[in-house]
Amino acid sequence: MQVRFGEDAGARRRGQNQPIVWDSTKVVNGHCLIVGMSGAGKTHRLRDMIRQMQDTCCGKPLRIHVFDVHGDIDLDNASSVMFSEQTAYGMNPLRINPDPHFGGVRKRVQGFIATVNRVMRALGPKQEAALRNILYDVYTRYGFRSDDPDTWHIDENVAKLVSDGSDGRLYIDVPLAEKDDAKALGASWDPGQRCWYIPTDQYSGGITRWPPKTIARVHPSISDALRMARYILQMSFLGTGVEAITQLEIANKAAAAYQRKRMEALRRGEKAFSDEKLEADLTKAKTKAIEAYSAYAEAIMTGNELTDVMKYDSTEVLKSVVDRLENLNAIGVFKAKQPPFDPNNQLWHYNIKALSMEERKLFVLFRLEELFAQAVQRGEQSDIVEVVVLDEAHIYADDDPENIINTIAKEARKFGMALICASQSPTHFPEDFISSVSTKIILGIDESYWRGSVSKMRVTEEALAWIKLRKSVLVQMKRSGETRNEWLWTYL
């Protein structure tokens, strides 16, 4: 691929025409940093680079991901998708990479926790351990074993829920022997699907002991982890097991139904209220709850029966982890349903304007982790096959070497992945990142950033002063085999 930036200013003064051209086969890597103050033309430059890359890829495989924080990068013929809490689709940060060497449950759990800590208030050691155990438990529930790579693969063509909940129903997997308990907790039978279901907004508490019914295995989502954490919190708070919790909730529902009928009778002016069926149901539910608690207590023999709950440390720690998962789930973009991008379109445009700053950072970092994992799994490439474009890239940058931005800058070249970052100043980026990027373009920097830019970009103030907005720029390209890379004074 080739991108023409303009003409060499020195050659023009000599009466020559020497174009400044970026060539993907000649530069050290495909990464590019574009810096320019507001109004310098960053958006126009991004659009132009994208267009030229598409025009010169010569029919070779190419996918370009554009993350647009302002929603103003208009791209012709792009597959554009808007992300917000109201969209039915989103991104699943718990999706497992099935590669036996670079993927798996442990790596995904560690990556998820690291990104959450990077963007949000960092979890304490006890909270982190509790969240890790919750995630391992939810993966186990969905058939993923950390020590068995054969369980990491999901066939995306068949993996789906019986219903995605859009019809207001969530179908659940209830064994025949437990159907009475499920019914008592509000589940209903669908003879057409031959499956039990619960209204989507009522899938909480005891009913979550039965997972969503699937045609084939699926990846768990943030909402699944949240339901698991809430249920574990209940068990921790009450100090008991699954069966006892279920029977206690059934007894509470029976008591609530009896109380509603009683209040209705009082409002009608009836002095006495009696309903033999409701009273019998309540007595039966209480008896079963007492029996379940008694059975749990009688089964205690070794003193280790609470180990499964106590590995989450304490009720206070669990509550803080549930709160964190609640906050992540409330963002509304971390959903199991994949976004409707056109797989045949080279250009995918992610419109994330509706997200807050923290939400954008979480979304983009999680997505970049997924893209990089896919690139590693794809293997080494002879040329660029995937380009990531980040507008306002300073949002995602920091000096943590584990940040996926820094990892891509250092390691993604051999896997055919290129990163194009646009921002107002190079001072927003760590020196290691800047040194890893082979191509740098300065469109014009505010004077308040000149001193820092001189240090980080190894450019002179004279060169920065020469730039005229939208007329002239500075370009530096590190080419393979060259040890010295000068700034090229370039007319657009």
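## Close-up views of a predicted model

View 1. Where pLDDT is low, the predicted coordinates should not be read in detail. For the protein as a whole, the mean pLDDT is 88. A value of 70 or more is reached by 91% of the residues.

**View 2. The open sheet of 11 strands.** The strand order is β2-β1-β14-β13-β12-β3-β11-β10-β4-β9-β5, and the pairing is mixed. Strands β2 (19-23) and β5 (79-82) form the edges; each has a single partner strand, so one side of each is left without a neighbour in the sheet. On average, neighbouring strands of this sheet are turned by 25° against each other, direction ignored.

View 3. Strand β12 comprises residues 439-444 and strand β13 residues 472-477. The two strands pair in the antiparallel sense, over 4 bridges. Within this pairing, Ile442 stands opposite Leu474 in β13.

**View 4. Helix α2 against the sheet.** Helix α2 (residues 42-56) lies across β1 (2-8), β2, β3 (32-36) and β4 (63-68), among other strands. The strands that α2 lies across also include β9 (347-351), β10 (386-390), β11 (417-423) and β12. Relative to β1, helix α2 runs at about 125°.

**View 5. Helix α11 against the sheet and beside helix α12.** Helix α11 lies across β4, β9, β10 and β11, and runs at about 165° to β10. Helix α12 (residues 404-411) packs with α11 at an angle of about 30°, the two axes being 9 Å apart. With angles under 35 degrees counted as roughly parallel, α11 and α12 are therefore roughly parallel to each other. Their crossing is left-handed. In this contact, Leu365, Leu368, Glu369 and Phe372 of α11 meet Ile404, Ile405, Thr407, Ile408 and Glu411 of α12. By class, the contact of α11 with α12 has 6 nonpolar, 1 polar and 2 charged residues.

**View 6. The packing of helix α3 with helix α11.** Helix α3 (residues 105-119) and helix α11 (residues 357-378) have axes 10 Å apart and pack at an angle of about 155°. This angle makes α3 roughly antiparallel to α11, the cut-off for that class being over 145 degrees. The crossing of α3 and α11 is right-handed. Helix α3 contributes Arg108, Gly111, Phe112, Thr115, Val116, Arg118 and Val119 to the contact. From α11 come Glu358, Lys361, Leu362, Leu365, Phe366 and Glu369. The residues of the contact of α3 with α11 comprise 6 nonpolar, 2 polar and 5 charged.

**View 7. The crossing of helix α4 with helix α10.** The axes of helix α4 (residues 125-141) and helix α10 (residues 315-331) come within 9 Å and cross at roughly 70°. Helix α4 is thus roughly perpendicular to α10, a class that spans 65 to 115 degrees. The crossing of α4 past α10 is right-handed. On the α4 side, the contact is made by Lys126, Gln127, Ala130, Leu131 and Ile134. On the α10 side, Val317, Leu318, Ser320, Val321 and Leu325 take part. By class, the contact of α4 with α10 has 7 nonpolar, 2 polar and 1 charged residues.

**View 8. The open sheet of 3 strands.** The order of this sheet is β6-β8-β7, with antiparallel pairing. Its edge strands are β6 (169-172) and β7 (188-190), each of which pairs on one side only. The twist from one strand to the next averages 45°. Strand β8 (residues 195-199) pairs with β6 in the antiparallel sense over 4 bridges. Tyr171 stands opposite Tyr197 in β8.

Key
Residues numbered from 1 in each chain as written. Predicted model: local features only at pLDDT ≥ 70, side-chain atom pairs only at ≥ 80, totals over all residues. Heavy atoms only, no water. Pairing = 2+ DSSP bridges. Axes fitted to C-alpha atoms, helices over the stretch in contact; angles between N-to-C directions. Left-handed = near helix turned anticlockwise from the far one by under 90°. Contact = heavy atoms within 4.5 Å. Nonpolar A, V, L, I, M, F, W, Y, C, P; charged D, E, K, R; others polar. pLDDT = per-residue confidence, 0-100.
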